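The sequence and structure are shown first.

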Amino acid sequence: MACEVPIKSMMSSAVTLLTPRHVAVIGAGAAGLVAARELRREGHRVVVFEKGEEVGGMWVYSPEVDSDPLGLEAKRRLVHSSLYDSLRTNLSRESMSFRDYPFRRREGKGRDSRRFPGHREVLLYLQDFAAEFEIGELVRFGTEVLFAGLDQCGKWRLTSTSPHTHPVDEIYDALIICNGHYVQPRLPHIPGINAWPGKQMHSHNYRTPEPFQDQVVVLIGSSASAVDISRDIATVAKEVHIAARSVEEDKLGKVPGHENMWLHSMIDSVHEDGTVVFQDGNAVGADFIIHCTGYKYDFPFLETNGEVTVDDNRVGPLYKHVFPPALAPWLSFVGLPWKVAPFSLFELQSKWIAGILSNRIALPSKEEMAKDVDAFYSSLEASGTPKRYTHNMGILQWDYNNWIADQCGVPSIEEWRRQMYIATSKNRVLRPESYRDEWDDDDLVLQAQQDFANYLT
Ligand SMILES: Cc1cc2nc3c(=O)[nH]c(=O)nc-3n(C[C@H](O)[C@H](O)[C@H](O)COP(=O)(O)OP(=O)(O)OC[C@H]3O[C@@H](n4cnc5c(N)ncnc54)[C@H](O)[C@@H]3O)c2cc1C
Ligand SMILES: *[C@@H]1O[C@H](CO)[C@@H](O)[C@H](O)[C@H]1NC(C)=O
């Protein structure tokens, strides 16, 4: 089979024309939508594959759940979204927004103008974004990518299917993966769990509190969603017991302000008579365990001949969490980092990828990228950071964003966004019940509004 000569090698080095590519994007959530916008802005030809029927990804709420509530069965019916009915955003709308498309308060039927709105408002924002930039026309809805692998010419062969057609094979220059990573549950091992008689579920399948009426519930985890779900359930349950890692001694016991909620250390073991024993020695007879224990990265369609693997939840090797050195720039990932302000980070990653694909922005050599990745992994190891925290950014996200912004030649991340994120994070820990309705950073809101006004004129 004859391979097409890459366009770049036919051009003299003096030619600086942007090179348009044929690019496949997998997923039309926040990451895929902004990737599609940036790619098209850069002149690429884009097809977005979306197995769902609408844009928005995990912000498309479904009352349905997986056929296996723990998510252990490989062949179970899978529901993409992990949203629960009561979910409100854990970031303010300003700090959550894309950089040049403000998440404005909109009044009107069906809109939620609160600063930390309910989940439906985020879906509407993403729909508005898609409409504003005419992304919908690039998306093939109801189309799932079953396979993506390299052919002999170094191009991507994608096999996709939609309900009423045979699988279709197509060739693309580049592949961008935006499939989300809050779908495949991660479960801890608990001694005795196989003989424990109660019911279990992973938070991926939590929707509403009703099933927990009058039950004694043990909830494992301390993430944002664990905090929300415990409060949600406590409104109807008999007792809620939270098992969390690294709880300060003086926080153990009854949770202030709640009649039926206790905080414990991690579970030590569970028993045939229904008892759950905590490491602090306390024990309760429980009806239900809810695992709010996080998710695993999963790319079931991706074949890279071993160039990219998922090892203890590290997707790697990846240069700056985006490009596998061996396959750069033809394969990239948008949206892997966690504990971040996601949309603005997705936007920067996407700009960077789009500019690299067109040859406007340069990447280091494969060797240099591989070296950089090695150095990064060594530094994690030296600081005792487990592999599964590779994409955990937290405080590092601002330098990361600014490094990418610099590569792209766009302004660094807004100072108000950083300060607002930090202020919210503090309040979320101090006042989990009220941080969404009471705040003290109105000065930052004002700066955000001014900034958006400047951006748009
Ligand atoms: C419970 C919860 C609460 C959160 N709250 C907030 C918040 O308040 N604020 C915030 O900013 N962030 C929040 N996040 C983070 C959230 O993940 C990001 O906001 C963001 O929406 C993720 O977008 P994404 O595009 O990466 O993934 P997703 O939104 O998951 O989109 C992935 C898309 O890919 C599609 N797809 C997957 N595989 C295939 C395939 N093989 N073929 C075709 N299509 C495919 C899916 O159908 C889906 O539409 C929260 C996350 C969770 C889990
Ligand atoms: C918001 O909630 C999601 C789901 O629990 C979590 O992954 C994310 O880290 C939270 N965001 C912040 C800034 O804490």
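## Basis of the description

A polar contact is a pair of N or O atoms within 3.5 Å; within protein, one must be able to donate a hydrogen and the other to accept it, and residues adjacent in sequence count only if both atoms are side-chain atoms.

The model is predicted: local features need pLDDT of at least 70 and side-chain atom pairs pLDDT 80 or more, whereas totals for chains, interfaces and linings use all residues. Residues are numbered from 1 along each chain as written, chains are lettered from A and ligands numbered from 1 in written order, and side-chain values use heavy atoms, without hydrogens and water.

## Surroundings of ligand 2

Asn90, Leu91, Tyr182, Ala224, Ser225, Tyr421 and Arg428 surround ligand 2, a residue being near if one of its heavy atoms lies within 4 Å. Helix 5 (224-234) and helix 9 (415-430) each contribute at least two residues of this shell; helices are DSSP runs (H or I, at least four residues) and strands likewise (E, at least two), numbered from the N terminus.

Oxygen atoms of ligand 2 lie 2.3 Å from a polar side-chain atom of Asn90, 3.0 Å from one of Arg428 and 3.3 Å from a side-chain N or O atom of Ser225. The protein covers 71% of the 360 Å² of accessible area that ligand 2 has on its own (Shrake-Rupley method, 1.4 Å probe; for residues, only the protein chains shown count as cover).

Four strands form an open sheet in the order 6-5-4-19, with mixed pairing; two strands pair if DSSP finds at least two bridges between them. Strand 6 (168-172) and strand 19 (302-303) are the edge strands, each pairing on one side only.

Strand 5 (residues 156-161) runs antiparallel to strand 6, and five bridges join them. Trp156 has Tyr172 in strand 6 as its bridge partner.
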